[in-house]
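Subject: Structure handover

Hello,

Here is the structure I promised to pass on. Please open it first, then read the notes below it.

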Amino acid sequence: QAQLVESGGGLVQAGGSLRLSCAASGRTFTNYAMGWFRQAPGKERILVAAITWSGAGTYYSDSVKGRFTISRDNAKNTLYLQMNSLKPDDTAVYYCAANTKIATLHLGPWGQGTQVTVSS
């Protein structure tokens, strides 16, 4: 059974940085795209960053472009999200997901999420 486990969330002041990790286990995600979604209270879950299996292709939402960097280590089955220059609007639960392509990441599977809180 596929399992994705996020870690690295926490409380940080505006302007600070966090690095999220997502460890994949239980099955192989070879040739799978992976991505990070976030969901703020009362809002829908949105894709903020995604990466293809090779790492050659990436996607960033306009809200995080230039501040967040997605990467992956396929040998470790781990996905990362480096978040810099954090803003209070980045406060959300962050989820990782995997699927055959970026366009279908919203279908999951999903991790349980990690809370990121940015104070002003």
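A residue counts as buried when its relative accessible area is under 20%, and as exposed when that area is over 50%. Anything in between is partly exposed. Keep in mind that this is a predicted model.

Start with F29. Its relative accessibility is 4%, so F29 is buried. Y32 has a relative accessible area of 16%, so Y32 is buried too.

**Aromatic pairs**

How many aromatic pairs are there? The count comes to three. In one of them, the ring centres of F29 and Y32 lie 5.6 Å apart. Their planes stand at 80°, so this pair is edge-to-face.

Y95 and W110 form another pair, with ring centres 6.3 Å apart. Their planes are at 85°, so this pair is edge-to-face as well. It links distant parts of the chain, 15 residues apart. Y95 sits in strand 9 (residues 92–99). W110 sits in the loop between strand 9 and strand 10 (114–119).

Are these two residues buried or exposed? Y95 is buried, because its relative accessibility is 13%. W110 is partly exposed, at 28%.

Ring pairs also bring in F37: together F37, Y95 and W110 make a cluster.

**Charges over rings**

R45 lies over the face of W110, at 4.4 Å from the ring centre. Elsewhere, R19 lies over the face of Y80, at 4.0 Å from the ring centre.

**Salt bridges**

Side chains of opposite charge can pair when their charged atoms come close. A search of the whole structure gives three salt bridges.

D90 is the residue to look up here. D90 bridges to R38, and the closest N and O atoms are 2.8 Å apart. This pair links distant parts of the chain, 52 residues apart. D90 is in the loop between strand 8 and strand 9, while R38 is in strand 4 (residues 33–39).

D90 also meets R67 in a salt bridge, 2.8 Å from N to O. Again the pair links distant parts of the chain, here 23 residues apart. R67 is in the loop between strand 6 (58–60) and strand 7.

Which residues do these shared partners join? R38, R67 and D90 form one network. D90 has a relative accessible area of 1%, so D90 is buried. R38 is buried at 9%. R67 is buried as well.

The remaining bridge runs between the side chains of D62 and K65, at 3.3 Å from N to O. D62 has 69% relative accessibility, so D62 counts as exposed.

**The sheet**

Strands of a sheet pair through backbone hydrogen bonds, either parallel or antiparallel. Four strands form an open sheet here, in the order 1-3-8-7. Their pairing is antiparallel. Which strands are at the edges? They are strand 1 (3–7) and strand 7 (68–73), and each pairs on one side only. On average, neighbouring strands of this sheet are turned by 15° against each other, direction ignored.

Look at strand 7 and strand 8 (residues 78–83). Six bridges join these two antiparallel strands. Within them, I70 stands opposite L81 in strand 8.

That is the handover.

Best wishes

Notes:
Residues numbered from 1 in each chain as written. Predicted model: local features only at pLDDT ≥ 70, side-chain atom pairs only at ≥ 80, totals over all residues. Heavy atoms only, no water. Pairing = 2+ DSSP bridges. Axes fitted to C-alpha atoms, helices over the stretch in contact; angles between N-to-C directions. Phe/Tyr/Trp six-rings, centres within 6.5 Å; stacked < 30°, edge-to-face > 60°. Buried < 20%, exposed > 50% of the residue type's maximum accessible area, 1.4 Å probe, protein only. Lys NZ or Arg CZ within 6 Å of the ring centre and 35° of its normal. Salt bridge = Lys/Arg side-chain N within 4 Å of Asp/Glu carboxyl O.
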